[in-house]
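Hi,

Here is the structure I promised to pass on. Have a look, and my notes follow below.

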Amino acid sequence: MWERAGGRMIAEYSMEWLRPLRPAGLGVALIEERFTAAKILCPLARLTDRLIARIAPALAWPAPVRPGIYTSADVNDATLIEYIPQFAAHYVLHPDWDRGSLAFFLRHATHKGRYGDLYRRMVYDRNNEPVGCYLYYGRPGRIAFVLQILARPEATGAVVASLLSHAEQLGCVGVRGRTQPQLLDALLRHRCVFFQRSSTTVYTGNADLLGAISSGDALIIGLAGEGWTRLIGERFA
């Protein structure tokens, strides 16, 4: 309907990505989304994943090892409020957040009951300078859902690797999120799989706006979108 009204579907923003971490556990978690009784298979899945990791490591989808020059740490909202606008500025089109509105969004995102608490992490280079951050919901034995990944262009691979490594250490069976074109190369290199769940459409008569979005140089998902909000409910839209 929106396309018939003149809107345009942007394929690069209309995909989701999934990175398995524990294949058997991931399979049970996906089945459990439809049949809650499948949770009785969780102990068997954990045993299976341990066996896979020992007998056939190549099939275990281990999380990537972060480059040694990078470190990461949990941070608070005050730190995110300082650096998120700086990372977002690498996009030609991005939200013009003020401190109050960004603080509101972060408070609003603190908890999503279906997926767990929100983990806030900053990634630093060898000089202890922030090069990126990520926010995701996760809990052991479940699929982690990414709210936002932001990074300097040269550090996207390291930031994605840090996210996957942290989620694996937490005990998540997989990591899932919405695509951002500037992250596609890093996601492909880290063996993520892609699928479509919903479409992102844009309607504008402004050629510059359309050009920025069509080229992937726009930050219009995650904190800039609405599919994660509590107004949507406990699921991601």
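Which residue in β8 is the bridge partner of L18? That would be R176.

Before the rest, some ground rules: this is a predicted model, where local features need pLDDT of at least 70 and side-chain atom pairs count only at pLDDT 80 or more, while totals for chains, interfaces and linings use all residues. Numbering starts from 1 along each chain as its sequence is written, and side-chain values use heavy atoms, leaving out hydrogens and water.

Back to β2, residues 16–20 (strands are DSSP E runs of at least two residues, helices H or I runs of at least four, numbered from the N terminus). Five of its five residues are buried, meaning under 20% relative accessible area with a 1.4 Å probe, protein chains only. E16, L18 and P20 sit on one side, W17 and R19 on the other. β2 pairs antiparallel with β8 (174–178) over five bridges; pairing takes at least two DSSP bridges. Three bridges also join β2 to β9 (193–195), again antiparallel, with F194 as the partner of W17.

Now the inside. Beyond its neighbours within four places in sequence, I84 is in contact (heavy atoms within 4.5 Å) with W97, L102, C133, L150 and L223.

Cheers

Methods. Buried means under 20% relative accessible area, exposed over 50%, partly exposed in between (1.4 Å probe, protein chains only).
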